Amino acid sequence: MDKPDSHTGSYPVFVPNLSSADQLNAHPIRRRLHDRYVMSRFPAFLDPRQDLRDAGKVIRYSRELFDDEQPHLAIELLRIAIEEDQAQRALWLALIELCFLVRDATRFTELILTFAAEFAHDSELPTLSAMRRDLLPHDPAMANAPRLLELPNWSVPADSTKNEALQKQFHARLQQVTISRVNQ
């Protein structure tokens, strides 16, 4: 079994629970310090115990940070949220996507190996292999991995992709109406 700071292949193992919620709750002073750190670093999280368990809020805020050219802060937020609740699959996938987007091959590989262990039969494992092949094309372990056809939108909240689709439909209809009026 892998231990913290051990290696799987040539990649260090990602250990999300360096200060897990259970450890923090066992030490009230550490918990208070942790919560203060989160509140000062991420002002949108005034109640870290509750807010970090809201995957939608965490993903939305981390994506805003990423889009505002603060990728390291976005990644830190997702890691802290995973430490709070490791069972939140959506947070893992968002973190994996952001590490892929910043082209951090080491951290990305750590994450997908740990994700595969945590969520052994997940439907996204082939996509993760394809992403790894795209990021590390010369890695012999990825020789038989599928090709990445489309980048997933795990770090983009579902409601914003819905709004984006609605905006595209609106613009298409507006363009059709404009064209039909010009042709009349």
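Predicted model: local features only at pLDDT ≥ 70, side-chain atom pairs only at ≥ 80, totals over all residues.
Let's start with the overall layout. The protein chain holds nine helices and two strands. If you take the contacts between residues at least 6 apart in sequence, 53% of them join residues at least 24 apart.

Now turn to helix 6, which spans residues 89–101, and its neighbour helix 7. Two packed helices are described by the angle between their axes and the distance between the axes. For helix 6 and helix 7, the axes come within 9 Å and cross at roughly 155 degrees. Angles over 145 degrees count as roughly antiparallel, and helix 6 and helix 7 are therefore roughly antiparallel to each other. Their crossing is left-handed. On the helix 6 side, the contact is made by Arg 89, Trp 92, Leu 93, Leu 95, Ile 96, Cys 99 and Phe 100. Facing them from helix 7 are Arg 107, Phe 108, Leu 111, Ile 112, Thr 114, Phe 115 and Glu 118. Sorted by class, this contact comprises 10 nonpolar, one polar and three charged residues.

Move along to helix 7 (residues 105–118) and helix 8 (residues 125–135). Here the axes come within 11 Å and cross at roughly 160 degrees, so helix 7 and helix 8 are roughly antiparallel to each other. This crossing, too, is left-handed. Helix 7 contributes Ala 105, Phe 108, Thr 109, Ile 112, Leu 113, Phe 115 and Ala 116 to the contact, while helix 8 brings Leu 125, Leu 128, Met 131, Arg 132 and Leu 135. The classes here are 10 nonpolar, one polar and one charged residues.

Finally, have a look at Asp 51, which sits in helix 3 (residues 48–51). Is this aspartate buried or exposed? Asp 51 has a relative accessible area of 14%, and buried means under 20%, so Asp 51 is buried. What does its side chain reach? The side chain of Asp 51 comes to 3.2 Å from the backbone nitrogen of Leu 46. Leaving aside residues up to four places away in sequence, Asp 51 touches Ala 44, Phe 45, Leu 46, Lys 57 and Val 58.

Key. Residues numbered from 1 in each chain as written. Heavy atoms only, no water. Axes fitted to C-alpha atoms, helices over the stretch in contact; angles between N-to-C directions. Helix = DSSP H or I, 4+ residues; strand = E, 2+ residues; numbered from the N terminus. Parallel < 35°, antiparallel > 145°, perpendicular 65-115°, else oblique. Left-handed = near helix turned anticlockwise from the far one by under 90°. Contact = heavy atoms within 4.5 Å. Nonpolar A, V, L, I, M, F, W, Y, C, P; charged D, E, K, R; others polar. Buried < 20%, exposed > 50% of the residue type's maximum accessible area, 1.4 Å probe, protein only. Polar contact = N/O pair within 3.5 Å; in protein donor to acceptor, adjacent residues only side chain to side chain.
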